[in-house]
Amino acid sequence: MKARSKLHPFEMFTVTVPIAPAARQVAPQVAPQVEKVLRAVQGEMPRGELMARVGIKDRMHFVREYLSPAIEAGLVEMTIPNKPNSRLQKYRLTDKGREALRLMREVTG
């Protein structure tokens, strides 16, 4: 006869059984504000033009809620990164931003 191991009354174990293959994430998760910026950028654009395309008039709100998150996520970059306040500053999509936009268009059209 084999000896059985005795479990403490509070000991448990978990078995994980896969039901379906893990779904591949189709589009990156981005805030709706960042998505609007990604869809608005065409080539290199100054902030004012981006604001107009997105439909935001308040500069500080646009920078804080739309542009900065897109830059921090690595989706948008400055054309003159060492002079963020330059009057000649423009913004463009990064490779990551173009890929995210491509995936968003595949999902939503």
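Reply: Start with helix α1 (residues 32-40) and helix α4 (residues 95-108): they pack at about 100°, and their axes lie 10 Å apart. This is a predicted model. Angles of 65 to 115 degrees count as roughly perpendicular, so α1 and α4 are roughly perpendicular to each other. On the α1 side, Glu-35, Leu-38 and Arg-39 make the contact. On the α4 side, the residues are Gly-97, Ala-100, Leu-101, Met-104, Arg-105 and Thr-108. By class, this contact of α1 with α4 holds four nonpolar, two polar and three charged residues.

Now turn to the packing of α1 with helix α2 (residues 47-54). The angle is about 110°, with the axes 9 Å apart. α1 is therefore roughly perpendicular to α2. The crossing of α1 and α2 is right-handed. From α1 come Lys-36, Val-37, Arg-39 and Ala-40. From α2 come Leu-50, Arg-53 and Val-54. The contact of α1 with α2 has four nonpolar and three charged residues, and no polar ones. Arg-39 of α1 takes part in the contact with α4 and also in the contact with α2.

One further feature lies in helix α3 (residues 59-72). The structure holds one aromatic pair. Phe-62 and Tyr-66 form this pair, and it is stacked: 5.8 Å centre to centre, with 20° between the planes. The two residues are four apart in α3, so about one helical turn separates Phe-62 from Tyr-66. Buried means under 20% relative accessible area. Phe-62, at 0%, therefore counts as buried. Tyr-66 is buried too, at 8%.

Terms used. Residues are numbered from 1 along each chain as its sequence is written. This is a predicted model: local features need pLDDT of at least 70, side-chain atom pairs count only at pLDDT 80 or more; totals for chains, interfaces and linings use all residues. Side-chain values use heavy atoms; hydrogens and water are left out. Axes are lines fitted to C-alpha atoms, for helices over the stretch in contact, and angles run from 0 to 180 degrees between N-to-C directions. Angles under 35 degrees count as roughly parallel, over 145 as roughly antiparallel, 65 to 115 as roughly perpendicular and the rest as oblique. Contact means heavy atoms within 4.5 Å. Ala, Val, Leu, Ile, Met, Phe, Trp, Tyr, Cys and Pro count as nonpolar, Asp, Glu, Lys and Arg as charged, and the others, Gly among them, as polar. Rings of Phe, Tyr and Trp (its six-membered ring) pair if their centres lie within 6.5 Å; planes under 30 degrees apart count as stacked, over 60 as edge-to-face and the rest as tilted. Buried means under 20% relative accessible area, exposed over 50%, partly exposed in between (1.4 Å probe, protein chains only). A crossing is left-handed if the near helix is turned anticlockwise from the far one by less than a right angle, and right-handed if clockwise.
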